[in-house]
Amino acid sequence: MGKTEESSQFQKNNAIHFWLLGYEFPATLMLFTTEMVYVVTTAKKAKHLEPLKGDKIPLEILVRGKDGEENKKLFEKITRVIKDSGVS
């Protein structure tokens, strides 16, 4: 049973990426707020998203790499954005 649920969730994530962007972005985090869209992804995938910058919806691309400390800073930023966007 566990595999079915995990597999289904993974397919939903890929489906939303493909629906929005026409491309699957595995291992990518997308956070939508009322002010901006944040994307945490690899440098290779970030190249595909760069043309979307400066469009109607503000986009911030956070590129993660192999440096654990730098990646930690990116996810801390995303956590702050989520907390700041919440209703108190």
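How many helices and strands does the chain have?

## Overview of the chain

The chain has three helices and three strands, where helices (H or I, at least four residues) and strands (E, at least two) are DSSP runs, numbered from the N terminus. Read from the N terminus on, these elements follow one another as α-β-β-α-β-α.

This is a predicted model, in which local features need pLDDT of at least 70 and side-chain atom pairs count only at pLDDT 80 or more, while totals for chains, interfaces and linings use all residues. Residues are numbered from 1 along each chain as its sequence is written, and side-chain values use heavy atoms, with hydrogens and water left out.

## Burial, surface and contacts

Of the 88 residues in the chain, 25% are buried; here buried means under 20% relative accessible area, exposed means over 50%, and partly exposed covers what lies in between (1.4 Å probe, protein chains only). The chain exposes about 6800 Å², and carbon and sulfur atoms supply 57% of that area, with accessible areas taken from the Shrake-Rupley method with a 1.4 Å probe and, for residues, only the protein chains shown counted as cover.

Among the contacts in the chain with a separation of 6 or more, 22% are made between residues 24 or more positions apart, a contact being heavy atoms within 4.5 Å.

The strands form an open sheet of three, in the order 1-2-3 and with mixed pairing; two strands are said to pair if DSSP finds at least two bridges between them. The edges are strand 1 (29-32) and strand 3 (59-64), each of which pairs on one side only, and from one strand to the next the twist averages 15°.

Strand 1 and strand 2 run antiparallel and are joined by four bridges, and together they form a hairpin with four residues between them. Within this pairing, Leu31 has Tyr38 in strand 2 as its bridge partner. Strand 2 (residues 37-42) pairs with strand 3 in the parallel sense, over six bridges; Val37 stands opposite Leu59 in strand 3, and the bridge partner of Val39 in strand 3 is Ile61. Five of the six residues of strand 2 are buried, so this strand is largely enclosed by the rest of the structure.

## Helix 3 against the sheet

Which strands does helix 3 touch as it packs on the sheet? Helix 3 (residues 68-85) touches strand 1, strand 2 and strand 3, and its direction makes about 150° with that of strand 3; the axes behind such angles are lines fitted to C-alpha atoms, for helices over the stretch in contact, and the angles run from 0 to 180 degrees between N-to-C directions.

Ile82 has its place in helix 3 and is partly exposed, with a relative accessible area of 47%. Although Ile82 and Leu31 are 51 residues apart in sequence, they are 8.3 Å apart in space, C-alpha to C-alpha.

## Salt bridges

A search of the whole structure finds three salt bridges, each defined as a side-chain nitrogen of Lys or Arg within 4 Å of a carboxyl oxygen of Asp or Glu. In one of them the side chains of Glu60 and Lys77 meet at 2.5 Å, N to O; because Glu60 lies in strand 3 and Lys77 in helix 3, the pair ties together parts that are 17 residues apart in sequence. Glu60 is partly exposed at 21% relative accessible area, and Lys77 is also partly exposed, at 25%.

The side chains of Glu70 and Lys73 form a salt bridge at 3.5 Å, N to O, and, being three residues apart in helix 3, these residues are separated by about one helical turn. A salt bridge also joins the side chains of Glu50 and Lys53, at 4.0 Å, N to O; Glu50 is partly exposed, with a relative accessible area of 38%, and so is Lys53, with 39%.

## A nonpolar surface patch

Ile16, Trp19, Leu20, Leu21, Tyr23, Phe32 and Leu52 make a nonpolar surface patch of about 690 Å². Patches are made of residues with over 30% relative accessible area and no salt bridge, like charges being joined within 9 Å and nonpolar side chains (Val, Leu, Ile, Met, Phe, Trp, Tyr) within 5 Å.

Helix 1 (residues 2-21) gives the most to this nonpolar patch, with four residues. Leu20 lies in helix 1 and, at 38% relative accessibility, counts as partly exposed.
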